[in-house]
Amino acid sequence: MQLTESKSVQAVCQVYAAVSYICIGDAESSSRALDLIGPVYQAMDSFTGVREKTSVLFAYGLLLMKQQNLHEARIRLATGLQLTHNYLGNLQLVSQYLTVLGSLAIALHDNGQAREILRSALTLAKKLNDIPTQIWVLSALSALYQELGERGNQLENDDYQRKKTDDLHKRLADAHACIHHLELIDKTRVEVQQLHERDIKRDIGGSAMRVNLDIPESVGLAASTPLLSSSRLVDLDSVRRGKRKI
């Protein structure tokens, strides 16, 4: 993060570091994640594009879930999903948002919504041939079936998850065994196209990107729903700022 003066790049680095701390899982790590993500969240509206905002909202929602602040986590995650869906068209991130929201619905004992959301997430992950996300969704579905006492569905789902896990391991082994694998890693240089400020502002100012996705309206993505700005989220936090809550 110290190698760049770009606020956007610095923010993304802080988000990634915060997610790493969230994954550790203990109280001290969660506190460090809050120290990293909190200031970035408060400054979101100064960013030039929505890419950083979707990352911040995703990490913020995960941290809120970790703190058992489930209802506010849903606000952040649903808003991040809406931004991703309307402006970025990043279908992989959409499926990951849906998976987290499905798991959140299970935690809130909203099992009907959880089933609907997770099925949409799995359908999208299959369309993208995104096996890691499929395994993630299947794991969440197993938790849902266990919660509902649907033993048959759970066993069938677990069997499908094992097959997907075996498939992933085989693909990874095949890739590592390929003679060209190390050569590609050594020689390939990925060039990331830099988006100029005017291009990002044009993306935001233009019409919303519409992607034909089967996203349940229960997560707040009905076509008529206006985009909820991050400034509105800050307003929601105003009554809690003195309590060091997100």
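This note walks through a predicted model, point by point.

1. **Ground rules.** In this predicted model, local features need pLDDT of at least 70 and side-chain atom pairs count only at pLDDT 80 or more, while totals for chains, interfaces and linings use all residues. Residues are numbered from 1 along each chain as its sequence is written, and side-chain values use heavy atoms, with hydrogens and water left out.

2. **Overall make-up.** The chain has 11 helices and 0 strands. Helices (H or I, at least four residues) and strands (E, at least two) are DSSP runs, numbered from the N terminus. Read from the N terminus, the elements run α-α-α-α-α-α-α-α-α-α-α.

3. The chain has 246 residues, and 41% of them count as buried. Buried means under 20% relative accessible area, exposed means over 50%, and partly exposed lies in between (1.4 Å probe, protein chains only). Now take the contacts in the chain with a separation of 6 or more: residues 24 or more positions apart account for 65% of them. A contact means heavy atoms within 4.5 Å.

4. **Helices α2 and α3.** Two packed helices are described by the angle between their axes and the distance between the axes. For α2 and α3, the angle is about 140° and the axes are 10 Å apart. Axes are lines fitted to C-alpha atoms, for helices over the stretch in contact, and angles run from 0 to 180 degrees between N-to-C directions. The crossing of α2 and α3 is left-handed. That term applies if the near helix is turned anticlockwise from the far one by less than a right angle; clockwise gives right-handed.

5. **Who makes the α2–α3 contact.** From α2 come S30, A33, L34, I37, G38, V40 and Y41. From α3 come V56, L57, A59, Y60, L63 and K66. By class, the contact of α2 with α3 has 10 nonpolar, 2 polar and 1 charged residues. Here Ala, Val, Leu, Ile, Met, Phe, Trp, Tyr, Cys and Pro count as nonpolar, Asp, Glu, Lys and Arg as charged, and the others, Gly among them, as polar.

6. **Helices α3 and α5.** Helix α3 spans residues 51-66 and helix α5 spans residues 91-107. They pack at an angle of about 20°, with axes 12 Å apart. The two are therefore roughly parallel to each other. Angles under 35 degrees count as roughly parallel, over 145 as roughly antiparallel, 65 to 115 as roughly perpendicular and the rest as oblique. α3 passes α5 in a left-handed crossing. On the α3 side, T54, L57, F58, L62 and M65 take part; on the α5 side, L93, Q96, Y97, V100 and L104. By class, this contact of α3 with α5 has 8 nonpolar, 2 polar and no charged residues.

7. **Aromatic pairs.** How many aromatic pairs does the structure hold? There are 2. Rings of Phe, Tyr and Trp (its six-membered ring) pair if their centres lie within 6.5 Å; planes under 30 degrees apart count as stacked, over 60 as edge-to-face and the rest as tilted. The rings of Y41 and Y60 have centres 4.1 Å apart and planes at 25°, so this pair is stacked. Y41 lies in helix α2 (residues 27-42) and Y60 in helix α3, so the pair ties together parts 19 residues apart in sequence. Both Y41 and Y60 are buried.

8. **The F58–Y97 pair.** The ring centres of F58 and Y97 are 5.0 Å apart and the planes are at 90°, so the pair is edge-to-face. F58 is in helix α3 and Y97 in helix α5, 39 residues apart, and the pair links these distant parts of the chain. F58 is buried, with a relative accessible area of 15%. Y97 is also buried, at 0% relative accessibility.

9. **Two loop residues with positive phi.** Q68 is found in the loop between α3 and α4 (70-88). Its phi is near 65°, a positive value in a residue other than glycine. Q68 counts as exposed, at 59% relative accessibility. H109 lies in the loop between α5 and α6. Phi of H109 is near 60°, again positive in a residue other than glycine. At 57% relative accessibility, H109 counts as exposed.

10. Leaving out residues up to four places away in sequence, N129 touches Q134 and R171. Q161 lies in helix α8 (residues 151-177) and is buried, with a relative accessible area of 18%. With the same exclusion of residues up to four places away, Q161 touches I135, L138, S139 and S142.
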